[in-house]
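Have the viewer open as you read.

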Amino acid sequence: KTLGRIFNIVTKIAAILLIPLLVLYIAKNKHEKSSLSNITYTEIYSPLGSRTMFYLPDGSKGWLNSDSYLKFPEGFPGKTRSVNLKGEAYFEIMPDSKKPFIVSGKNLDIIARGTTFNVLALEEESEIKIALVEGAIDIYYNNNSEQKSIASLTPGQLLSYNTGTSESYVQEVDLGKYISWTKGKMVFRDDLLIDVVKYINRWYNVNIIIKDKILESYRYVATFQDETLDELLKMLTLSSPIRYKDLARQQLPDGSFKKRTIELYYYKK
């Protein structure tokens with residue numbers, strides 16, 4: 001009986017102590033959920049034909065290329081520093097071994113703790129390119145239900161990943177080609193004209209159309225810096241069998257004008 005009374009007293013004391021602890025836990029849990037649900041996000045957009053420098057809450061910085069978006073929470077609450085990217089960006093990440101930096105986009109997570117790298121992940125393109133300048137990064141495929149490792153990069157390496165086929169490969173590259181845009185340069189190294197045109201369209205906010213398919217397979221080695229679009233077009237015609245037609249810009253009902261449209265034709269000199 002004595003043991004029974006002691007057990008009953010201890011049980012009552014435990015229950016009395018447990019109730020406030022439980023209430024405290026529930027209140028704390030609600031507060032944490034509420035804090036996470038009230039996170040304020042910042043979104044940066046770099047318009048077509050421009051480049052935008054950005055600074056992040058942890059001291060990291062970088063560049064956002066033409067027609068690209070970067071979204072991130074104020075203060076980086078939680079256990080990671082996560083940002084979402086659409087387009088192209090160059091990152092210089094502040095080291096933090098306890099709080100990894102994660103760039104997410106198109107079902108890929110790029111994890112870094114302090115490093116410098118470039119990510120090209122255009123919405124309209126199936127291929128993603130990630131070039132590492134300094135440090136180390138790990139890249140994972142992540143679609144919420146599945147996560148798998150794709151690659152770990154060392155400086156000077158480029159990962160090419162196809163979102164349609166899930167194929168990927170890593171190669172040693174000339175990093176200048178992939179990061180020169182941050183210094184106002186366009187660098188092409190044996191690139192197909194069809195890819196060169198896509199890049200020029202984003203860079204100058206123009207609409208260049210290849211009219212003769214034979215031109216798509218021509219390859220270019222060139223570096224452009226500070227040239228106007230007209231100067232660049234003249235340089236292309238001097239080095240290739242190309243002639244171009246500059247179409248008149250059409251005015252829209254609101255008074256603005258459509259993009260400048262230029263047609264490229266094959267011209268055998």
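Helices (H or I, at least four residues) and strands (E, at least two) are DSSP runs, numbered from the N terminus. This is a predicted model: local features need pLDDT of at least 70, side-chain atom pairs count only at pLDDT 80 or more, and totals for chains, interfaces and linings use all residues. Residues are numbered from 1 along each chain as its sequence is written, and side-chain values use heavy atoms, leaving out hydrogens and water.

Start with the open sheet: three strands, ordered β15-β18-β17, with mixed pairing (two strands pair if DSSP finds at least two bridges between them). At the edges sit β15 and β17, each pairing on one side only. From one strand to the next, the twist averages 25°. β17 and β18 pair antiparallel over five bridges, and Tyr244 stands opposite Leu264 in β18.

Angles run from 0 to 180 degrees between N-to-C directions, with axes fitted to C-alpha atoms, for helices over the stretch in contact; contact means heavy atoms within 4.5 Å.

| Helix | Residues | Strands touched or crossed | Angle |
|---|---|---|---|
| α3 | 193-204 | β15, β17 and β18 | about 165° with β15 |

Now for Asp191, which lies in strand β14 (residues 185-192). Asp191 is buried, with a relative accessible area of 14% (buried is under 20%, exposed over 50%, partly exposed in between, using a 1.4 Å probe and protein chains only). A polar atom of its side chain lies 2.6 Å from the backbone nitrogen of Arg189. Leaving out residues up to four places away in sequence, Asp191 touches Lys177, Val196, Tyr218, Arg219 and Tyr220.

Terms used
Polar contact = N/O pair within 3.5 Å; in protein donor to acceptor, adjacent residues only side chain to side chain.
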